[in-house]
Amino acid sequence: MKLAIHGGTPVRESFLSYGQQWIDEDDIEAVVETLRSPFITQGPKIQQFEESIARYAGAKYAVAFANGTAALHGACFAAGISRGDEVITTPITFAASANCVLYVGGTPVFVDIDEKTYNIDPSRIEKAITSRTKAIIAVDFTGQPADLDPIREIARKYGLVFIEDAAHSLGSCYKGKKVGSLADMTMFSFHPVKHITTGEGGIIVTDDEEYYHKLKRFRTHGIITENVNNDEGPWYYEMVDLGYNYRMTDLQAALGLSQLTKLDAFVQKRREIAAIYNEAFSNVPGVRIPYQLPYVDSSWHLYVLQLQLGHFRVGRKEIFEALRAENIGVHVHYIPVYFHPYYQRLGYKKGICPVAEKWYEGALTIPIFPKMSEYDIRTVIEGVNKVLSFYRK
Ligand SMILES: *Cc1c(COP(=O)(O)O)cnc(C)c1O
């Protein structure tokens, strides 16, 4: 069949993005109701949302933020990371997982990924630890939890703070436990492509009361109103840290609460689509389906194929462009963070994580989100097969 990029008919009529939100009338009503209430920010919905997420994730405390990146910034602050401190993380992630370390003056140290899971390789972490190492930020890439037990053990042994960037893994399980109580602090994002959305939004969950208080004041200018000098008068408050205005609004929290009632159904649908893709692509020459550790249950934020480029007459770029022409919204997650010009200027050299760099060359994200119809799923499979068979050697 003639490829759409060569003038043929695309496998589907309209463009299908790789991810998108699912908003229903009841979500809209929840926001409107809050709009009509006395509080559109700093009201009761925030705390309700925090308590609901904490309960869902199995953590004691939650602090909501304006977005996931601000939440990670807060976690780095609460962890006490500052100038001169090193923080170990993975290169195969969104830039925010490392940028948050830079925000507080620390230095990200990139440790290579495991060839099979594409998550940070725990067996390489110890070699990267120095006297300046302060924390580890693991990322649950695509929704598959990083190998949390060995990482936590290393963090304990060296006295490091363990932060989990779980932007991809709300609803995922590791050894039967929900992601959210397995690191010192865990971050979820509520960007529209993530499992549930608040427009923009993020949260940190933790069992540690001290982190909880630090996160709360970091979110609001570093201001405290409790345990201050009451002799001054009832208006009195103190700014004790250089915080930010990183608050989520009640409008967002109201949307989040409504979305949360659907989370399990959303995750279920993502798992069903992943199972269909696994089946469809497991015997296709030249692609590798995502390997999953036997003791994890991913909530499948992303579905990433690994192209084995030796099987094809062209590179990933041509395959990508041909799929876009078929109206399949493929994407690439992720460019290794230190490839970005900003990190190159900081002195990170290409070649430091060879497994990640090699993996990046063949990575191809295909659409997965709960609102996909049977037609959407079928045309993705058709489109991938059409393009790959055309270019296969
Ligand atoms: C989405 C995402 C973030 C940032 O979340 P925002 O809410 O967009 O700021 C951080 N890390 C990873 C891995 C993400 O996918």
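1. A pocket is an open set of points on a 1 Å grid over the protein atoms alone, where a 1.4 Å probe fits, with protein on both sides within 12 Å along at least five of seven lines; lining residues have an atom within 4 Å of a point.

2. Before going on, please keep in mind that this is a predicted model, with local features needing pLDDT of at least 70, side-chain atom pairs counting only at pLDDT 80 or more, and totals for chains, interfaces and linings using all residues. Residues are numbered from 1 along each chain as its sequence is written, and side-chain values use heavy atoms, without hydrogens and water.

3. The ligand sits in the second largest pocket, meaning that more than half of its atoms lie within 2 Å of the pocket's grid points. Of the 23 residues lining this pocket, Phe 94, Ala 167, Ser 189, His 191 and Lys 194 are the closest to its centre.

4. Now to the polar contacts (pairs of N or O atoms within 3.5 Å). A polar side-chain atom of Asp 165 lies 2.7 Å from a ligand nitrogen. Ser 189 has a side-chain N or O atom 2.8 Å from a ligand oxygen, and for Tyr 334 the corresponding distance to a ligand oxygen is 3.4 Å.

Technical notes:
A polar contact is a pair of N or O atoms within 3.5 Å; within protein, one must be able to donate a hydrogen and the other to accept it, and residues adjacent in sequence count only if both atoms are side-chain atoms.
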